[in-house]
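Thanks for coming, everyone. Let me put the model up, and then we'll go through it.

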Amino acid sequence: MPLANTSSSYGTIAKSFHWITALLVLALWPLGWFANSWPYDTQEAFDTKWLLFSLHKTLGVALFIIALARIGWTLTQPHPRHLGENRVESLAASTIHWLLYGSIIALPITGWIEHAASEGYAPILWPFGQDLPFIPKDVPLAVAFAHMHVALTWVILGAIGLHIAGALKHTVIDRDGTLARMWFSRKTPPTPPEGKPHGALPALLATAVLAAALVFPFVTGEEQSQAPVAAAEVSTEAPAAAESPAEGPIWTVQSGTIGLSITQMGSAVSGSFPDFTATIAYDPEAPGPQKGQADVTIDIATLALGSVAAQAQGPDYFDSAQHPTATYSGPIVEAEDGTLTVDGTLTIKGHAASVALPFTLTIEGDTATASGTTTLDRRTFHVGDSMTDEGSLAFPVEISIEITATR
């Protein structure tokens, strides 16, 4: 069997590319489907989901590399003419071929960009790293490419279905040897009839279908919105539980974020609770170490945490359906060296524990800027109890605050 193509037959290299590509696509679709639908409510289930996604991504990168090599080889080879004489059928077959070529490039690219823009688990197992040049970690970008990836999946599945249907027609009805010339056989393939080429029309039609698939989720309003980045809502009333040292000036938060950072599958994933209410009373001149009081209520449902935000809302994690808010409340205490700390009690899912939050404070006129970090153990609040392996989800969680307030 010749390695290269002729005007009437495909060579061994083209045949090998064809069948390797087909096997990869037919393996990738069920892997992706099972990975998306697999639960993650236990350590075992999470590990399985992680493995399915990693295999899907790893094979997807392999498909991309093989597709590039296949297209590069195809461009150097003659393309065997269509065996049938029907011009419409020939145009359809050529269009589907172009659609398949475009899909096996665009599909893995969109998936790879989604992965590179996401923060989370399931690494690609090839030694290429997890990032792509010029692709930032950006949740809206990852979501957009995720939708394009899904749309292209349906395109390639439809194209494969039509491709198989055409091959069966040629084999069962026409009996013209079309399928046989793509198989590894020593038989001499039939000579295709002379026909007028379709020019650029099949490529243009395939490009139009791919472009429509890429924009379809957005023009139909199906793009996934992210947790709203809302300004902090602030109560200006003094806290009822405040003692006399807290009865000083009330500070109204103008802007701020409550951030958190977790470590999942060895990678840091950063997020925030953009929507919270805060009541802060603070008087640096108050006698004694207690200088004020801070009371914060956090809207758990607004959590933005990369690609794992939905997972974090589940019953084994924050369980926002049953516990929509978390609270943090305590006195603001100044140490002898001037260090400020909120000696607060954090309550999540009904579980309360003392959490000290040291912070730095800068006051210029009537504007104060505070920032601080602390680390807690998620197990204290029964967040992710089923995740017993720190390699999957580390126990420490870093909490950070950045707040600007006016007196």
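Which residue forms a salt bridge with Asp 377? It's Arg 379, with the closest N and O atoms 2.7 Å apart. Keep in mind that this is a predicted model. Asp 377 has 24% relative accessibility, so it counts as partly exposed. Arg 379, at 42%, is also partly exposed.

The structure holds 5 salt bridges. Another one joins Lys 137 and Asp 131, at 3.1 Å from N to O. Lys 137 is partly exposed at 42% relative accessibility, and Asp 131 is partly exposed at 48%.

Now look at Glu 334 and Lys 291. Their side chains meet at 3.8 Å, N to O. This pair links distant parts of the chain: Glu 334 sits in strand S6, residues 325-334, and Lys 291 in strand S5, residues 290-299. They are 43 residues apart. Is Lys 291 buried or exposed? Buried, because its relative accessibility is 7% and the cut-off is under 20%. Glu 334, at 28%, is partly exposed.

Next, the inside. The largest nonpolar core has 46 residues. Among the members touching the most others are Ile 258, Leu 260, Phe 273 and Phe 318. Beyond its sequence neighbours within four places, Phe 318 contacts residues including Leu 260, Phe 273, Ile 300 and Ile 348. Apart from that core lies another, of 26 residues, including Leu 63 and Ile 160.

Last, the whole chain. We have 6 helices and 10 strands. Of the 407 residues, 42% count as buried. The accessible surface is about 20700 Å², and carbon and sulfur atoms account for 64% of that surface.

Notes:
Residues numbered from 1 in each chain as written. Predicted model: local features only at pLDDT ≥ 70, side-chain atom pairs only at ≥ 80, totals over all residues. Heavy atoms only, no water. Core = buried A, V, L, I, M, F, W, Y, C linked by side-chain atoms within 4.5 Å. Buried < 20%, exposed > 50% of the residue type's maximum accessible area, 1.4 Å probe, protein only. Contact = heavy atoms within 4.5 Å. Helix = DSSP H or I, 4+ residues; strand = E, 2+ residues; numbered from the N terminus. Areas by Shrake-Rupley, 256 points an atom, 1.4 Å probe, with all protein chains shown as cover. Salt bridge = Lys/Arg side-chain N within 4 Å of Asp/Glu carboxyl O.
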